Amino acid sequence: MNEERSPIDTKVMMAFAVLVALVLLLPTYWEWIGFKPAPKPISKMADSTATAFPSAADTSSLSNRSTIRSRITNDSAKSIFVVDSAWSGETVQVTTPKYEASFSTQGARLARLVLKDYRYTDPERHDQPIVLLDTVDAAAGGGPGFQFDSPEIDLSLAQFRVDRTSVSLAKEDSGSVRFTVRTKSGNEWAVIYTFRGDRYDFQTRLLVPAPWQDGVERELHYGWQGGLWPTEPDPAGDNNDFAAVALMGKDLERIGKVDHDQPVSNLSGQTYWAAVRTKYFVCATIPATEAGGFRSVGRERFIPFEGKTIPLKQFDALVRVDLRTGEPIDLAFRVYAGPIDYDVLKSYGVGLEQMVNLGWRWLVRPFALVFLWLFQRLYAVFANYGIVIIIFSLLIKTIFHPLTKKQIRSMRKMQALQPKMEKLKERFKDDAQRLNQEMMKMYREAGINPMAGCLPLLPQMPIFYALFQVFRTSIELRGAHFVFWLTDLSQKDPYYILPILMTICMFAQQTLSTKDPKQKMMTYMMPLLFGFMFRNFPAGLTLYWTMFNIFSIIEQVWLI
């Protein structure tokens, strides 16, 4: 038996489609529709012959390297630190099961950081380990560093000595490196890095004994400077997620746009951490003592990609701590540089997991957390996220089956009333108010809730959006292979096979359930609308919605 939807069902279905479009498309195209300030003209665009994927070593976004070297030479006389003509720079190599790092004695700064467990997925860099930082000149400003307000206290100008040049750790090991430098007043400053073999983070500790009178400082900033480079095949899409983020009190502050007129943002208040992020990776600074502010600096660097020039966003994200001149300094910070993995971030106990955007806290996020947990458990059994998604779509369809069955029964009752409804429409064709009153009376007498046919749509909305957030943000799906051409379920289908198949399945489902000629427009429009939306969505989400529609067709044929 073929069922017809009531006019109320049709209106709700259309409202549901529009609402889905707004929820999914508006965040994605927020900047595209005009809420992003246009970049200022630049005198020289990026070289169109350059590589599509810039090297992480290119950290000259702050200034040209030759300019940096000149600054070091010219400003050394103003620096509080002793300049040793016999000093020769060294590099400290750190190797753990999680990463490989290099630290320069010029400024005691992290110069290179490579993640061992994560690989590039684009053809140019395929299967090479992710490089979060690769700074040729330590003074170029990339990576975590201290920032005093007085130009005389610039650690990037300091020539440090080091107590060891290599650290190699097993999973259960820990180790440290001590950098020291003397000031012209005779003080010794020390920067100590401590590492653990089983973690992505390391500790940075600044020690300055009392008394120190090398300038009057009331505050110090420490954090990641110079931003991060794209790690995904589509740098323009990856660039949309670039941001400086901080947890201040109970509020998550996010700066994702570059304001050319006011690139520096200073916020005051209790700060638990500050971070720079891409789509799947983050570098966060967690102070060991109370921090009273967050500073972000935004800039754009233009890079070439597939014949276009992309304004790549780069941010600094630093926490502020107060100092008292003359008193000893002993400050410690934990630097996390690794994946945006919910479970890993949550283990730090400072709210880093809030960086994983899983939707509205009270409505969507609980569903997303359940889905994430379930995906991980199913993957442990099937070892293929594509199969997991298919099983999950069947599970959701099974859960909603009682509601769907109720919807079908309601539609059958509505169909039985169609002859009487047509008579009412003819009788009260000139009195719309009376027509509505008589129709509602008929529904009550027949025991029909006119909204019952739309009940399955309401709980699907937060669940669908939760799935969208999980598929879009979960690093578990990054590089997840399914079958044949679907080699990365976190990226769009490169050949648009799934969006086309999904559109066909939606059209078949609409045709199966809708026979009213007046509703044919919706039968065509909804599948086309969803097909247009899903063309650039993650393949994992498109696979879910395709299978959900296939199971819906089977369910409808069985019930009808």
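**Salt bridges and helix packing**

Arg 196 is partly exposed, with a relative accessibility of 39%; here buried means under 20% relative accessible area, exposed over 50% and partly exposed in between, for a 1.4 Å probe and protein chains only. The structure is a predicted model, in which local features need pLDDT of at least 70 and side-chain atom pairs count only at pLDDT 80 or more, whereas totals for chains, interfaces and linings use all residues. Residues are numbered from 1 along each chain as its sequence is written, and side-chain values use heavy atoms, with hydrogens and water left out.

The partner of Arg 196 is Asp 198: their side chains form a salt bridge with an N to O distance of 3.3 Å. A salt bridge is a side-chain nitrogen of Lys or Arg within 4 Å of a carboxyl oxygen of Asp or Glu. Asp 198 is likewise classed as partly exposed, at 32% relative accessibility.

The chain as a whole contains 14 helices and 18 strands, these being DSSP runs numbered from the N terminus (helices H or I, at least four residues; strands E, at least two). Of its 560 residues, 54% count as buried. Among contacts between residues at least 6 apart in sequence, 69% join residues at least 24 apart, where contact means heavy atoms within 4.5 Å.

Arg 205 pairs with Asp 330, the closest N and O atoms being 2.8 Å apart. Arg 205 belongs to strand 10 (residues 201–208) and Asp 330 to strand 18 (residues 329–339), so that this pair spans 125 residues. Arg 205 has a relative accessible area of 30% and is therefore partly exposed; Asp 330, at 45%, is partly exposed as well.

A further bridge joins the side chains of Glu 555 and Lys 397, at 3.2 Å from N to O. Because Glu 555 lies in helix 14 (residues 539–559) and Lys 397 in helix 7 (residues 385–399), the pair ties together parts that are 158 residues apart in sequence. Glu 555 and Lys 397 are both buried.

Helix 7 packs against helix 8 (residues 401–416) at an angle of about 50°, their axes 4 Å apart. Axes are lines fitted to C-alpha atoms, for helices over the stretch in contact, and angles run from 0 to 180 degrees between N-to-C directions. Helix 7 and helix 8 are therefore oblique to each other; angles under 35 degrees count as roughly parallel, over 145 as roughly antiparallel, 65 to 115 as roughly perpendicular and the rest as oblique. In this contact, Lys 397, Thr 398 and Ile 399 of helix 7 meet His 401, Pro 402 and Thr 404 of helix 8. These residues comprise 2 nonpolar, 3 polar and 1 charged; Ala, Val, Leu, Ile, Met, Phe, Trp, Tyr, Cys and Pro count as nonpolar, Asp, Glu, Lys and Arg as charged, and the others, Gly among them, as polar.

Another pairing is that of helix 9 (residues 418–427) with helix 10 (residues 432–446), which pack at about 160° with axes 10 Å apart. Helix 9 and helix 10 are therefore roughly antiparallel. Helix 9 contributes Lys 420, Met 421, Leu 424 and Lys 425 to the contact, and helix 10 contributes Leu 435, Glu 438, Met 439, Met 442 and Tyr 443. By class, the residues of this contact are 6 nonpolar, no polar and 3 charged.
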